[in-house]
Amino acid sequence: MTTDTSRPGADLGGAARNGAIALAGSGIAAVTGLLLNVVIGRGFGPSASGEFFVVVAVLTVITTIGKLGADTGLVWAVARHRALQRPRDIRTTLWVGVVPSLAAGVLMAVALYLLAPWLADVIGAGDDLDTLFRFSAPFVIVAGPGMVLAAGLRGAGNILGYAAVQNVIVPGLRPVLAGIALVAGLGLSAAILTWNLPFVVGLAIAVVLVARRTRAIERAHPDAVPSRPVREVASEFWRFSGPRAVTAALEAAIVWSDVLVVAALASPRDAGIYAAASRFILTGTLAEGAMRVAMAPEISRLLALGDLPGAARLSSVVTQWTVLLSWPLYLVLALYSPAVLSVFGPGFDDGATALTMLSVAMLLVMSAGNNQTILLMSGRSGLQMANRVLALGGNLAMNFLLVPIWGMNGAAVAWSVTWVADALLVMLEVRYAVGLERTWRRVYPAMLMSALAFLPTGLVYRTLTDGSAWAAVTCCLVGVLAFVLLVVKNTHRLDMAPMRAAIPFRRG
């Protein structure tokens, strides 16, 4: 079953416009996240920054648990209600999703406060960890609901509002506040405060934006049927979000567990260096994240309408854009890793080998596309949860085996194998469980252009220069110029029409 609004051309244009907004927001988040890492690395050095990132790792995992999967649930459910002409269910769904996440946040905050000494002893990465954990506990209460409400904006089609809260305001405040704390001569407690305080601001803004957007949707459909009973809406919502709660916690654990293992089995210094390297990798996912933000509501709508061909075409084009935007960055990180890490200060270039391995793995992960989003929006949150259980188990086993032998490089191997294997598994599940077949011919041109532009210049830097920062900048700029020329000369091989449609002020 299809409708006029599900035509592929309309889908791609909307995805492109939302993707452009999300990409701009993700770019700002990536830059501000990098600035925060530089401020912390240069201000505190590898060892103390290791303690900072250990606290951030624990906070990220527990706040993710506290969301209970309701953030992804709201993206799925709100977009679904809009597609199926049930706007009155949106308000009920918001309450059904936010209230439990608030209750979970209270429980997680109490648990963190009470277990802080034990947790600090287990990790053993610094003398002040228990104090830092307890100092952070109250902010856990607001972090989850703020992120859940912001996700509701995505489902409601307000990508600009979502990007403003999650990609600009919250991450943008952190390096500014951290810089002020360092100039004032304050310590790690103040640095942790700069991480937590923006959650309060984000929650306040998200409440206002979600209330405004919900009223606008309801006013646009004055004759809509009344909302279904709360029990029915909640049952539908939590059947999807329940498995996602476990999955999201597992994902956060996979992303951050290696930092904790390196801190416990190697040293806080190695953990700080590895955290800086691995955060670069997360910064590089801005293109994939932007495409996911734009794609998820549209994929949910198309799958709800049974339009598999439309969803397949959208997936293929989005994967092409993701590769085109992410491969250049990961090639730069892989080939120029010593120079890249030197921005954090002396000693951080010890993580160059780890950064190279992680970047190569991400080239493969990005080329697989946004299959996680498709699997989720098809309603198979339980299958994704099973995937994450398998991934976390393998990741932890490899970390405990390899970190004592190879240190941070062992953690990089474990992380790389985990994410590449997971990407391959999900790609097969989308093909055979969902029934969505993506064409690779759209992706190959983007991969080839990136490789032709950046591999030669990167190899020149590695083999024929002195490895200085100036040599890295020169070779990298040549690669960027070559890439731009290749894209301009080969636009006929790329799906550029939807991107042009995303530009609001273009020549006719």
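1. Contact here means heavy atoms within 4.5 Å. By that criterion, and leaving aside neighbours within four places in sequence, R431 is in contact with L436 and E437. R431 sits in helix α15 (residues 408–434). Helices (H or I, at least four residues) are DSSP runs, numbered from the N terminus. At 30% relative accessibility, R431 counts as partly exposed. The classes are buried under 20% relative accessible area, exposed over 50%, and partly exposed in between (1.4 Å probe, protein chains only). The C-alpha atoms of R431 and N167 are separated by 31 Å, and the two residues are 264 residues apart along the chain.

2. A word on the basis. This is a predicted model, in which local features need pLDDT of at least 70, side-chain atom pairs count only at pLDDT 80 or more, and totals for chains, interfaces and linings use all residues. Residues are numbered from 1 along each chain as its sequence is written, and side-chain values use heavy atoms, with hydrogens and water left out.

3. Next, helix pairs. Helix α7 (residues 230–265) packs with helix α8 (residues 268–283) at an angle of about 165°, their axes 8 Å apart. That makes α7 roughly antiparallel to α8; the cut-off for that term is an angle over 145 degrees. Axes are lines fitted to C-alpha atoms, for helices over the stretch in contact, and angles run from 0 to 180 degrees between N-to-C directions. α7 passes α8 in a right-handed crossing, that is, the near helix is turned clockwise from the far one by less than a right angle.

4. Who makes the α7 and α8 contact? From α7 come V255, W256, D258, V259, V262 and A263. From α8 come P268, D270, A271, Y274, A275, S278, R279 and L282. By class, this contact of α7 with α8 has ten nonpolar, one polar and three charged residues. Ala, Val, Leu, Ile, Met, Phe, Trp, Tyr, Cys and Pro count as nonpolar, Asp, Glu, Lys and Arg as charged, and the others, Gly among them, as polar.

5. D258 deserves a look. D258 lies in helix α7. Is D258 buried or exposed? At 0% relative accessibility, D258 counts as buried. Not counting residues up to four places away in sequence, D258 touches Y274, N399, A411 and W415.

6. Helix α16 (residues 444–464) and helix α17 (residues 469–489) pack at an angle of about 160°, with axes 8 Å apart. α16 and α17 are therefore roughly antiparallel to each other. The crossing of α16 and α17 is right-handed. On the α16 side, the contact includes M449, L452, F454 and Y461. On the α17 side, C475, C476, F483 and L486 are among the residues. The contact of α16 with α17 divides into 16 nonpolar, three polar and no charged residues.

7. Now the cysteines. The structure holds zero disulfides, a disulfide being a pair of cysteine sulfur atoms within 2.5 Å. C475 is buried, with a relative accessible area of 11%. C476 also counts as buried, at 18% relative accessibility.

8. Finally, a backbone point. L68 has a positive phi of about 60° although L68 is not a glycine. L68 is in the loop between α1 (8–67) and α2 (70–83). With a relative accessible area of 23%, L68 is partly exposed.

Key
Helix = DSSP H or I, 4+ residues; strand = E, 2+ residues; numbered from the N terminus. Parallel < 35°, antiparallel > 145°, perpendicular 65-115°, else oblique.
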